[in-house]
Amino acid sequence: RKTCESMACFAVSGADHQDYVVRLMGRRDCFIDVSSPVDVYPPELWAALAAYVDGPEGEALRLRGGRYECSRALADMALPCLRGRTLGQICHIVQLSISCKRLLG
C-alpha cells in the first residue's frame, strides 16, 4: 500500500491496510464487481442467453471450473448476446446466471 501511495499515478482508497483499492489516475473507472447482485444488463441479453442454454447447443454445454473458467469458455464461444462484453462483465453475467437467474449451475 505504501508503495502505491507514494506514486502519483495511483489513487489509493480504503480505510484499513488489508482491504484497499488502487486505481490509475486519469483513467476511467471501469471496475466490475462480479459478486454484485445488481443486474445492469438488458432483458434481451437474458432472453438470448436463456434461449441458448435451453436450446440444442445448451444441452451439450459443459462448463467446468469456477466462474472465471466458465466466463472464459463462454467468451470463446462468441455468443452474439455476449459480443462486445468484457471478461469482467461476462464473469458478472455468469455469477448472476447462477445466483439470481438460475440459468447455469
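The crossing of helices H2 and H5 is right-handed, a term used when the near helix is turned clockwise from the far one by less than a right angle. The model is a predicted one, in which local features need pLDDT of at least 70 and side-chain atom pairs count only at pLDDT 80 or more, while totals for chains, interfaces and linings use all residues. Residues are numbered from 1 along each chain as its sequence is written, and side-chain values use heavy atoms, without hydrogens and water.

H2 (residues 43–54) packs against H5 (residues 87–99) at an angle of about 70°, and their axes lie 12 Å apart; the two helices are therefore roughly perpendicular to each other, a description given to angles of 65 to 115 degrees. In this contact (heavy atoms within 4.5 Å), Leu-45, Trp-46 and Leu-49 of H2 meet Ile-93, Leu-96 and Ser-97 of H5. The residues involved comprise 5 nonpolar, 1 polar and no charged, where Asp, Glu, Lys and Arg count as charged, Ala, Val, Leu, Ile, Met, Phe, Trp, Tyr, Cys and Pro as nonpolar, and the others, Gly among them, as polar.

H5 also packs with helix H4 (residues 67–77), the axes coming within 9 Å and crossing at roughly 115°, so that H4 and H5 are likewise roughly perpendicular to each other. H4 passes H5 in a right-handed crossing. On the H4 side the contact includes Tyr-68, Leu-74 and Ala-75, and on the H5 side Leu-87, Ile-90 and Val-94 are among the residues taking part. By class, this contact has 8 nonpolar, 2 polar and 2 charged residues.

Notes:
Axes fitted to C-alpha atoms, helices over the stretch in contact; angles between N-to-C directions. Helix = DSSP H or I, 4+ residues; strand = E, 2+ residues; numbered from the N terminus. Parallel < 35°, antiparallel > 145°, perpendicular 65-115°, else oblique.
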